[in-house]
Amino acid sequence: MLSHCGFVNAGRATSQADPPVIASRRRILARTRLDFWLDAVLLVAYTLAYSLGFTGIAVHEWLGIGLGVVLLVHLTLHWDWVIRTTMKLVRPGGRERFVWLVNLLLLLCMTLCIASGILISEVALPELGINLPVSSFWRQMHDVTATLTLILVPIHAALRWRWIVGMARRFTAWRPGRPL
Amino acid sequence: MKFLRHLAAVVLVVAVIVGLGVLWAHASGGGAGIGSGFKQVPSHQALLRIRQIKAGVIRLQPDDGIHLADTGNLIRTCEIEAVLATAVIAISVVRRWHRRMRRNAAAGA
């Protein structure tokens, strides 16, 4: 949920600003930076985890489990947005509702994909000494939800492309003498 | 403290979704992983896959980590993501452009 468009200008501290204001802006900027890099790591990790032929089953499974943990953090960091947007759903206006719907579908698919992946694990769980019987239901569930997440993840990211472009410009461009 | 409260809410939501998934598995009789005793016949797709593996149509990779030689799979994933993201961005740009034109027309009238 790349939903911190309001934080784009948060770093423009003026020399006249009060110390508490500057401290608050620094906090917001640090949080925005955390969101940006965490989202970037999630996207790269998801892309790698989806490419089973490239990673092999062991990396795929451990990456998937790690992805599940980081997704919990991602969702926790954006929980305010979830509550705020859910409350606003009754009001007219389509865009945020569409974003909310995409995010809800992604949450459902990603959760079921990771859960089913753990249940059909061939390497990670046996390494931890847990052996579950094979289930075609969870295997099918994993295939279907993985395909759906491949559709939903780029939509989810692209719906916030302005924020991503703004943050990428801010955090990746090296400007001498200008602290980020 | 706020983070922990939110994390608890997120874990609860995730647990509800997984719980519903488990219920679905039991209802459809396929939750062999969580206690259901009977084995299902392999699906047509699974049998087809086994046949393709035996015939050499699908090449199996050893499970010893990243296979730099098989970047085709990774590239395909990136391509699908890029195409979908580009489509969404294009729609967003066109919609914004239309909105701006409408606003300009209304301001001019």
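A146(A) touches Y50(A) and C113(A), leaving aside residues up to four places away in sequence. Touching, or contact, means that the C-beta atoms of two residues, placed from the backbone, lie within 7 Å. A146(A) sits in helix α6 of chain A. Helices here are DSSP runs of H or I with at least four residues, strands are runs of E with at least two, and both are numbered from the N terminus. A146(A) counts as buried because 20 other C-beta atoms lie within 10 Å. The cut-offs are these: 20 or more other C-beta atoms within 10 Å make a residue buried, 12 or fewer make it exposed, and anything in between is partly exposed. A146(A) and S24(A) are 122 residues apart in sequence, and their C-alpha atoms are 40 Å apart in space.

This is a predicted model, in which local features need pLDDT of at least 70 and side-chain atom pairs count only at pLDDT 80 or more, while totals for chains, interfaces and linings use all residues. Residues are numbered from 1 along each chain as its sequence is written, and chains are lettered from A and ligands numbered from 1 in the order in which they are written.

Now take chain A as a whole. Chain A has 7 helices and 0 strands. Of its 180 residues, 32% count as buried. Take the contacts in chain A between residues at least 6 apart in sequence: 65% of them join residues at least 24 apart.

Chain B comes next. Chain B has 3 helices and 0 strands. Of its 109 residues, 8% count as buried. A15(B) lies in helix α1 of chain B. A15(B) counts as exposed because it has 11 C-beta neighbours inside 10 Å. From A15(B) to I89(B) is 74 residues along the chain, and their C-alpha atoms are separated by 33 Å.

The two chains meet. Chain A gives 37 residues to the contact, and chain B gives 37 residues. On the chain A side, α1 (19-50), α2, α4 (95-119) and α6 (136-158) each supply at least two residues. The largest share, 11 residues, comes from α2(A). By class, the chain A side has 28 nonpolar, 9 polar and no charged residues. Ala, Val, Leu, Ile, Met, Phe, Trp, Tyr, Cys and Pro count as nonpolar, Asp, Glu, Lys and Arg as charged, and the others, Gly among them, as polar.

The axes of α2 (residues 52-77) of chain A and α1 (residues 2-27) of chain B come within 9 Å and cross at roughly 120°. The two helices are therefore oblique to each other. α2(A) passes α1(B) in a right-handed crossing. From α2(A), L72(A), L75(A) and T76(A) meet F3(B), H6(B), L7(B), V10(B), V11(B) and V14(B) of α1(B). The residues of this contact divide into 7 nonpolar, 2 polar and no charged.

How far can the picture be trusted? The predictor gives the complex an ipTM of 0.79 and a pTM of 0.77. Chain B has a mean pLDDT of 80, and 65% of its residues reach 70 or more. pLDDT is the predictor's confidence in each residue, from 0 to 100. In chain B, confidence is highest in α1(B), at 94, and lowest in α2 (residues 44-55), at a mean of 68. Over residues 33-38 of chain B, pLDDT stays under 50. Where pLDDT is low, the predicted coordinates should not be read in detail.

Note on methods. Axes are lines fitted to C-alpha atoms, for helices over the stretch in contact, and angles run from 0 to 180 degrees between N-to-C directions. Angles under 35 degrees count as roughly parallel, over 145 as roughly antiparallel, 65 to 115 as roughly perpendicular and the rest as oblique. A crossing is left-handed if the near helix is turned anticlockwise from the far one by less than a right angle, and right-handed if clockwise.
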